Amino acid sequence: MILTGPAISAAIQAGEITIDPYDPARLSPNAYDWRLGDTIRICDGDLDAAVPTAFAEQSIPAAGLVLTPDAFYLGVTLEKTGSETYAQLLNGDRTIGALGIWVHVSAPLGHQGHAIRWTLEIRAARPVRIYAGMTFGKLIFLSAFGTSASYQQQDAKYAATDGIDISRLYEENPGGVRCPRN
């Protein structure tokens with residue numbers, strides 16, 4: 001079951017959902033409108049699942065940053081969100097899609113207990129200027145059934161993420177580089 005805007009607000013008041021920073025004006029009938037953070041990583045060269053991804057990181061200037069179709073970007077949400085009670089789904093929205101931006105299509109699920117600033121996978125169909133703090137998508141909260149297991153208590157690669165994180169698939173790849181977890 002998807003929570004309505006008023007149910008999200010009530011869950012925030014009850015301490016069951018955390019959105020930081022929170023702005024009640026960003027609630028919609030069934031979601032919260034999340035914003036783009038102020039940092040982008042531009043992934044360099046060829047991508048290889050067996051090694052960490054090389055990248056250049058930069059702040060998004062006040063005048064904005066032009067994304068180009070020939071690059072792959074990792075961004076971050078402005079908001080840190082989490083809930084031990086509800087699962088989350090993070091998606092782009094129609095306004096971003098209408099600008100030719102595909103955002104976060106591969107991993108929209110935030111498990112119960114996932115309390116993070118989300119790493120975003122971003123692609124642009126054409127050159128497009130983006131700005132830190134702009135609305136970039138919608139976050140919905142879902143009721144979970146069954147015995148819960150907090151993501152933060154799992155031995156999970158991304159449990160401690162608090163910003164932009166590259167793929168860590170290389171940790172599982174038999175021929176890849178093994179890096180110690182934080």
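Begin by selecting Asp33, a buried residue with a relative accessible area of 17%. The model on display is a predicted one.

**First stop: Asp33 and its partner**

The side chains of Asp33 and Lys138 form a salt bridge, at 2.5 Å from N to O. Asp33 belongs to strand β3 and Lys138 to strand β13, so this pair ties together parts that lie 105 residues apart in sequence. Lys138 is partly exposed, since its relative accessible area is 30%.

**Second stop: the other salt bridges**

The whole structure contains 3 salt bridges. Select Glu79 and Arg35, whose side chains meet in one of them at 2.7 Å, N to O. Glu79 is in strand β7 and Arg35 in strand β3, so that distant parts of the chain, 44 residues apart, are linked. Both Glu79 and Arg35 are buried.

Then move to Arg41 and Glu57, which form a salt bridge whose closest N and O atoms are 2.5 Å apart. Because Arg41 lies in strand β4 and Glu57 in strand β5 (residues 55-59), the pair ties together parts 16 residues apart in sequence. Arg41 counts as buried, at 14% relative accessibility, whereas Glu57 is partly exposed, with a relative accessible area of 46%.

Select residues 72-82, which make up strand β7; 8 of its 11 residues are buried.

Now select Ile17, Ile122, Ile130 and Phe136, which touch the most other members of the largest nonpolar core, a group of 31 residues. Elements that give two or more residues to this core include α1 (5-13), β8 (86-92), β11 (116-124) and β13 (135-143). Of these elements, β11 gives the most, with 5 residues.

Centre the view on Ile130. Leaving aside residues up to four places away in sequence, Ile130 touches Leu36, Ile40, Ile60, Gly64, Leu65, Leu67, Ile101 and Phe136. Finally, select Leu74, Val76, Ile166 and Tyr170, which are among the 6 residues of a second, separate core.

Key:
Residues numbered from 1 in each chain as written. Predicted model: local features only at pLDDT ≥ 70, side-chain atom pairs only at ≥ 80, totals over all residues. Heavy atoms only, no water. Core = buried A, V, L, I, M, F, W, Y, C linked by side-chain atoms within 4.5 Å. Buried < 20%, exposed > 50% of the residue type's maximum accessible area, 1.4 Å probe, protein only. Helix = DSSP H or I, 4+ residues; strand = E, 2+ residues; numbered from the N terminus. Contact = heavy atoms within 4.5 Å. Salt bridge = Lys/Arg side-chain N within 4 Å of Asp/Glu carboxyl O.
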